[in-house]
Amino acid sequence: MTPAFFDLSARAKLRVTGADRIRFLNGQTTNDVRKAGPEATQESCVLNAKGHLDAHIFLSATPNDIWIDADQELREPLQTRLERYVIADDVMIEDVTDQFALFHVLADSEPKISGAKFCFRSWRLGIDGWDLWVEVARAEAVKSTLAADYRAMDESEWEVLRIENGIPRWGRELTPEIIPPEANLQARAIDYEKGCYIGQEVISRMKMSGQSRQRLCGLTSETALVGGMEVRAGTKVVGRVTSAVFSQRMNSYIALAMIKRGYTEPGTSLVTLADGAETGVRIVTLPFSGLSSH
């Protein structure tokens with residue numbers, strides 16, 4: 001893949017401080033915060049008591065702080081949700097969204113960019129990347145420096161890569177109705193050995209049963225797919241398209257869709273329905289095959 005970078009500065013950003021910050025966050029998130037460090041981001045989820053998503057986050061720990069970023073829609077809800085459980089804890093949660101820019105660099109090796117406060121290794125798109133946290137005053141200078149060595153990626157290119165790699169996004173595949181394993185987050189964002197956290201019982205039961213009501217799947221089609229399309233097996237609605245693009249690398253229309261249990265086997269033929277017209281689709285394993293980046 002050609003080295004490139006994307007501006008993620010619109011994302012919500014929190015700084016968590018205080019002597020109890022690690023213990024507190026470990027009781028709020030699905031991954032083990034005790035294992036977080038400055039070398040890489042840790043992908044995780046914040047759940048409600050029923051195991052449903054309150055937030056999908058990335059965090060890293062420096063010696064005195066934990067840095068969190070999440071979708072921009074979660075800027076106020078995430079801070080409010082976390083602060084609700086700060087009772088007698090020595091924890092301070094500060095919104096630093098407007099203080100930092102955030103750039104994601106797609107490259108095998110660490111970008112040597114002066115001016116960044118932090119550089120965390122990050123697999124946001126399921127491939128090698130780096131997150132640069134940059135103080136706002138230096139953001140334009142760092143962005144210009146990046147542009148000299150890396151290709152600037154726009155939103156549509158980011159979306160194609162995201163879908164090709166089967167990465168769920170808040171507001172599309174990730175919503176308050178979703179339980180993390182349904183979106184294939186169990187390997188990246190859940191530590192099953194860490195102990196108690198809010199929603200943990202639901203996640204543990206799902207792992208023990210080995211079953212979920214639905215699963216995030218890939219779809220391929222010879223004709224265009226659109227988010228929101230119903231997916232059917234005969235006359236039965238078995239899912240819905242959540243994101244869709246045309247992949248030049250696969251020379252195919254591809255999509256992510258939440259599909260009900262019993263219809264998620266790769267190779268299963270289904271149809272989408274929009275405006276009364278049916279389109280044949282096929283279930284494929286995520287991430288989509290045939291991509292040189294894998």
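The dialogue below takes helices, cores and pockets in turn.

A: This is a predicted model: local features need pLDDT of at least 70, side-chain atom pairs count only at pLDDT 80 or more, and totals for chains, interfaces and linings use all residues. Residues are numbered from 1 along each chain as its sequence is written, and side-chain values use heavy atoms, with hydrogens and water left out.

Q: How many residues does helix α3 have, and what span does it reach?

A: Helices here are DSSP runs (H or I, at least four residues), and strands are E runs of at least two, numbered from the N terminus. The expected span is 1.5 Å times one less than the number of residues. Helix α3 (136-149) has 14 residues and reaches 21 Å from first C-alpha to last, close to the 20 Å expected.

Q: Which residues of α3 are buried?

A: An α-helix has 3.6 residues a turn, so residues three or four places apart point the same way. Buried means under 20% relative accessible area, with a 1.4 Å probe and protein chains only. In α3 these are A139, V142 and L146. They pack against β1, β7 and β9 (130-135); contact means heavy atoms within 4.5 Å.

Q: What do the buried residues of α4 pack against?

A: Helix α4 (155-164) buries W158, E159, L161, R162, I163 and E164. Their partners are β1 (4-7), β7 (100-106), β13 (236-247) and β14 (252-260). Just after α4, G166 takes a positive phi of about 70°.

Q: How many residues has the largest nonpolar core?

A: In soluble globular proteins, nonpolar side chains tend to be buried together. A nonpolar core is a set of buried Ala, Val, Leu, Ile, Met, Phe, Trp, Tyr and Cys residues joined through side-chain atoms within 4.5 Å. The largest has 42 residues, and L25, I57, I66, I68 and L78 have the most contacts inside it. Strand β4 gives the most to this core, five residues. Apart from it lies another core, of 16 residues, F118 and F120 among them.

Q: Which residues lie closest to the centre of the largest pocket?

A: Rolling a probe the size of a water molecule over the atoms shows where empty space is left. A pocket is an open set of points on a 1 Å grid over the protein atoms alone, where a 1.4 Å probe fits, with protein on both sides within 12 Å along at least five of seven lines; lining residues have an atom within 4 Å of a point. Of the 23 lining residues, L8, R11, D71, W158 and R169 are closest to the centre. Helix α4 gives the most to this lining, three residues.

Q: Which element gives the largest share of the second largest pocket's lining?

A: Again α4, with five residues. Among the 12 lining residues, E157, V160, L161, E164 and R249 are closest to the centre.

How values were computed:
Buried < 20%, exposed > 50% of the residue type's maximum accessible area, 1.4 Å probe, protein only.
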